[in-house]
Amino acid sequence: ESLDKGLEKSKTSFFSKLSKAVAGKSKVDDDVLDNLEEVLVSSDVGVTTTLKIIDRIEARVSADKYMGTEELNAILREEISGLLSETNLGNQTEFSIPKDKKPYVIMVVGVNGVGKTTTIGKLAYQFKKQGLKVVLGAADTFRAAAIDQLQVWADRVDVPIIKQKMGSDPASVAFDTLSSAVKQDADVVIIDTAGRLHNKVNLMNELTKVKRVMQKVVDQTPHDVMLVLDGSTGQNAFEQAKQFTKATEVTSLAVTKLDGTAKGGVVIGISDQFQIPVKYIGVGEGIEDLQVFNKYEFVDSFFN
Ligand code: GDP
């Protein structure tokens with residue numbers, strides 16, 4: 001229900017466009033497919049993924065000879081869920097972490113402004129609500145505001161934060177955070193990092209160093225490298241995914257601000273193109289406005 005509400009804009013827009021795409025047609029023909037292609041691209045599904053979907057529908061249409069437009073919804077829904085399944089994601093319904101990794105370490109990456117800090121705060125809140133002991137690490141030492149903002153969230157959620165002054169070594173903050181977490185017997189560690197894209201080599205070196213230093217404290221960490229993307233930025237989000245996956249091994253995605261966009265299709269395109277699971281979606285600025293991404297719910301929110 002709240003997912004529906006958060007995605008209201010995407011949903012309404014997708015639907016009205018889709019019904020325009022088939023208006024006046026009883027049969028799926030080239031015209032309908034062209035219009036559908038347009039709807040998908042303009043919903044930020046991305047060209048590659050859109051063409052994949054259109055190809056599959058075309059194949060079904062030609063096998064079927066006659067396909068009514070009323071069937072199109074059902075088939076589209078099937079194809080989109082299928083595509084999301086291929087990324088092996090989206091079956092979870094709860095915020096959960098593996099029990100056998102303690103502390104479970106999440107390193108959060110992404111450029112400024114995408115909602116990194118907010119997502120970390122919301123996640124900390126969810127984990128704490130489950131009775132888990134959470135520690136935050138302010139390893140985005142490049143901006144004073146980043147440290148302050150994370151502190152605001154740490155206070156709001158009431159979890160400890162490890163920080164140093166602006167300009168200090170991010171790897172050193174990460175090291176301190178993990179050491180403290182181990183000492184406190186914490187369950188989850190969430191590390192914020194700086195995402196300056198203007199220098200790819202720097203970004204790669206910094207993330208590599210942060211990881212290496214963390215591994216001195218806890219083996220095989222981080223367990224999850226989560227890239228945060230702003231879902232309302234379309235092609236920018238694709239571009240950032242491309243850059244970050246080159247700089248480090250990204251293992252999950254959080255897509256934010258889906259409440260403010262008519263283009264929720266970005267979730268479909270990005271998970272298809274990068275084959276990285278979308279774990280969470282942000283649907284508002286409030287502490288509760290983070291949801292575990294569930295592909296069935298997501299696709300249904302468009303088609304119900
Ligand atoms: P950071 O620079 O990446 O750490 O970004 P912040 O976490 O500071 O967020 C930037 C702005 O985006 C803030 O005003 C947040 O309230 C807002 N924001 C973050 N996530 C969401 C979301 O899911 N929906 C909406 N509407 N706003 C969000």
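Let me begin with a definition: a residue counts as buried under 20% relative accessible area, as exposed over 50%, and as partly exposed in between. Please keep those cut-offs in mind, as I shall return to them. The structure before you is a predicted model.

I start with the sheet. Eight strands make up an open sheet with mixed pairing, and their order is β3-β2-β4-β1-β5-β6-β7-β8. At the edges are β3, residues 161-162, and β8, residues 290-292, each of which pairs on one side only. Helix α6, residues 116-129, packs on this sheet and touches β1, β2, β4, β5, β6, β7 and β8. The direction of α6 makes about 175 degrees with that of β4. A further helix, α8, residues 170-184, lies across β1, β2, β3 and β4, and runs at about 170 degrees to β2.

Let me turn to strand β4 in particular. On one side, β4 is joined to β2 by 6 bridges, with residues 134-139 of β2 running parallel to residues 188-193 of β4. Within that pairing, G137 stands opposite I191, and A138 stands opposite D192. β4 also pairs with β1, again in the parallel sense, over 5 bridges. There, M107 has I191 as its bridge partner.

How many of the residues of β4 are buried? The count is 6 of 6, so the strand is largely enclosed by the rest of the structure. Both faces are covered: V188, I190 and D192 are buried on one side, and V189, I191 and T193 on the other.

The side chain of T193 reaches the backbone oxygen of V108 at 2.7 Å. Leaving aside residues up to four places away in sequence, T193 touches M107, V108, V109, K116, A139, D140 and L207.

I now come to the ligand. There are 16 residues around the ligand, and those that come nearest are G113, K116, T117, T118 and E285. Which element gives the most to this shell? That element is α6, with 4 residues. A polar side-chain atom of T117 lies 2.4 Å from an oxygen atom of the ligand. For D259, a polar side-chain atom lies 2.8 Å from a nitrogen atom of the ligand. For E285, a polar side-chain atom lies 2.5 Å from an oxygen atom of the ligand. On its own, the ligand has 580 Å² of accessible area, and the protein covers 78% of that.

Next, helix α11, which spans residues 266-274. Of its 9 residues, 8 are buried, so this helix is largely enclosed by the rest of the structure. The buried residues are V266, V267, I268, G269, I270, S271, D272 and F274. Q275 follows α11 and has a positive phi, near 50 degrees.

D158 lies in the loop between α7, residues 144-157, and β3, and its phi is near 65 degrees, a positive value in a residue other than glycine. D185 is found in the loop between α8 and β4; although D185 is not a glycine, its phi is positive, at about 60 degrees.

D158 has a relative accessible area of 55%, which is over 50%, so D158 is exposed. D185 has 48% relative accessibility, and therefore counts as partly exposed.

Finally, the cis peptide bonds. One joins K102 and P103, with omega about 0 degrees; P103 lies in the loop between α5, residues 69-85, and β1. Another joins T221 and P222, with omega about -10 degrees; P222 has its place in the loop between α9, residues 200-217, and β5.

To close, I return to two points in this predicted model. Strand β4 is covered on both faces, and α6, which packs on the sheet, gives the most to the shell around the ligand. Thank you.

Conventions
Residues are numbered from 1 along each chain as its sequence is written. This is a predicted model: local features need pLDDT of at least 70, side-chain atom pairs count only at pLDDT 80 or more; totals for chains, interfaces and linings use all residues. Side-chain values use heavy atoms; hydrogens and water are left out. Two strands pair if DSSP finds at least two bridges between them. Helices (H or I, at least four residues) and strands (E, at least two) are DSSP runs, numbered from the N terminus. Contact means heavy atoms within 4.5 Å. Axes are lines fitted to C-alpha atoms, for helices over the stretch in contact, and angles run from 0 to 180 degrees between N-to-C directions. Buried means under 20% relative accessible area, exposed over 50%, partly exposed in between (1.4 Å probe, protein chains only). A residue is near a molecule or strand if one of its heavy atoms lies within 4 Å of it. A polar contact is a pair of N or O atoms within 3.5 Å; within protein, one must be able to donate a hydrogen and the other to accept it, and residues adjacent in sequence count only if both atoms are side-chain atoms. Accessible areas come from the Shrake-Rupley method with a 1.4 Å probe; for residues, only the protein chains shown count as cover.
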